[in-house]
Amino acid sequence: MAQKVYIETVGCQMNVLDSELVIGALRKHGYDLTDSPADADVFLFNTCSVREHAEEKTFSALGRVRLLKRDKPGAVVGVLGCMAQKDQELIRKRAPYVDMIVGTGQLAAVPELVAKVRATREPQLAVSLGRSDAGRNEVEASFVSYDPTRDPSMRPTPFQAFVRIQIGCDKFCTYCVVPSTRGPEQSRPPEHIWHEVRQLVDQGCKEVTLIGQTVNSYVHESGDRKTRLSDLIAGMHDIAGLERIKFVTNYPKDMTDDLLDAVRELPKVVKYLHVPVQSGCDEVLKRMKRNYTAGYYMDMLARCRELAPGVSVSSDFIVGFCGETEESFQKSMELVRAAKFKNSFIFKYSERGGTKAAEKYPDDVPEDVKKRRNNDLLAVQNENSRADHRAQVGTTVEVLVEGPSRREQSALSGGRKPPVPEPASAIMQLTGHSMTDHIVVFDGTERLIGHTVRVAIKDASPFTLYGDVLTDEVVGADVSREPQASAVAPRPNKFSLPLV
Ligand code: 5AD
Ligand code: SF4
């Protein structure tokens, strides 16, 4: 019988993609995926180090697996990703029963390492060089971008995929571990990316999300040819069958006009920019080493909206960073009020060992103050999100239908709906994203899944638009007769936990 692998993923899209690729590789070695730990022979934890909370979650998951492992002496437990790269010693100390520690730049070795553990029962370690261990070229070479041929069955939906265009980060924001856990910034050659996108489209993929820590810093030089993100996008735009191109996450200083021109001019490019500001206070931004002021950010935002009219923008904030006074926090409140983001991700500062901030500045904002600031900022953002969503009522938006809505999925899993497939004509609540990345919910039939439809927006909550699909109208295709091969209900992304 095939051996079974169970994987838990925390963290960003990079980790979700890495897990997909690791599972794809293990499948080629005869493993099956299971979402039940009790059935598993191999337990993998793909980890995140951005905040302490994510690390603690992994340690408690490892604690639970230890109990399972007692009854299964042949089982293999592996820690992958950022914590593996950063905290090998700590993992060995706190969870000595872990068999395999594999850093972000070594994931291609996972199948071989699992086999080694099984053959020898010796612990296996594969991590890349630290950034101060060697010269840049050597460190770069030790972080390998892991982008093998993909296994379409592993994606959250068959028609959406992440594509890594860059690994690592060179910005060294003082609070952030990413430059050490993911190594130096390296852009993949454009030909490799275009080839991967073509392959994905051949497999039925309609939307690609290009990912990088600072995706708009992407630049690849070869001889005297220089490829920027805008050129990369233009080079894949006309692939027949590809409908949408997204890219995340952007760095404010690298938001160049050529990229904004591409967002405006190229119809397949999603009109959405995630550009984290982190704080509205210049002194805080300076201590964070973000290399811009709040004024610069607001000018950049105005330029985004001028050059790409109708674009929606979202942001990240950190509250309670070292030395953040009430006055400096109020500047973040002012910025969030003025910026009118579609939404913001707000985090309480979490001190990370090995960062410049941990070395130089005391973590001096008490936890209850961080919590209060988080809530205050969120309340203002939610007001703006409500207004942003309300403004869409009365418009018609194009939605790539991803599958049953959450309500529909919980009705299915809660047994209030029959588990047998409904006829393709049964009405269910569906969901998808608009071209401005708004979540849209509407009633329709299963046959619409995987297609782009027009939805008239009738109502809005701060986070969701509700509407009516314009009768059986599918943009760019005819599905009025039979469901097509790709019109299958997507699997919920069982191999990943909610993002932290
Ligand atoms: N503490 C809290 N939030 C952090 N982020 C990055 N590092 C930290 C930290 N040490 C946030 C930033 C970043 C997002 C991915 O996580 O807002 O944009
Ligand atoms: Fe971290 Fe800053 Fe790089 Fe983003 S840009 S990954 S916050 S160091």
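This is a predicted model: local features need pLDDT of at least 70, side-chain atom pairs count only at pLDDT 80 or more; totals for chains, interfaces and linings use all residues.

Visitor: How is a pair of aromatic rings described, and how many aromatic pairs does a search of the whole structure find?

Guide: A pair of aromatic rings is described by the distance of the centres and the angle of the planes. Here the search finds eight aromatic pairs. Y6 belongs to strand β1 and F43 to strand β3, 37 residues apart. Y6 is buried at 11% relative accessible area, and F43 is buried at 0%.

Visitor: Why is the pair of Y251 and Y292 called edge-to-face?

Guide: The planes of Y251 and Y292 stand at 70°, with the centres 6.4 Å apart, so the pair is edge-to-face. Both residues lie in loops, so the pair ties together parts that are 41 residues apart in sequence. Ring pairs also link Y251, Y292, Y297, F317 and F341 into a cluster.

Visitor: Which charged residue sits over the ring of Y296?

Guide: The charged end of K253 does, 5.5 Å from the ring centre. Likewise, R51 lies over the face of F347, at 3.8 Å from the ring centre.

Visitor: Is T47 buried or exposed?

Guide: Buried means under 20% relative accessible area; T47 has 0%, so T47 is buried. T47 is in strand β3, and its side chain reaches the backbone oxygen of L80 at 2.6 Å.

Visitor: How many disulfides does a search of the whole structure find?

Guide: The search finds zero disulfides. For C322, the nearest cysteine sulfur is that of C281, 13 Å away.

Terms used: Residues are numbered from 1 along each chain as its sequence is written. Chains are lettered from A and ligands numbered from 1 in the order in which they are written. Side-chain values use heavy atoms; hydrogens and water are left out. A disulfide is a pair of cysteine sulfur atoms within 2.5 Å. Helices (H or I, at least four residues) and strands (E, at least two) are DSSP runs, numbered from the N terminus. Buried means under 20% relative accessible area, exposed over 50%, partly exposed in between (1.4 Å probe, protein chains only). A polar contact is a pair of N or O atoms within 3.5 Å; within protein, one must be able to donate a hydrogen and the other to accept it, and residues adjacent in sequence count only if both atoms are side-chain atoms. Rings of Phe, Tyr and Trp (its six-membered ring) pair if their centres lie within 6.5 Å; planes under 30 degrees apart count as stacked, over 60 as edge-to-face and the rest as tilted. A charge sits over a ring if NZ of Lys or CZ of Arg is within 6 Å of the ring centre and within 35 degrees of the ring normal.
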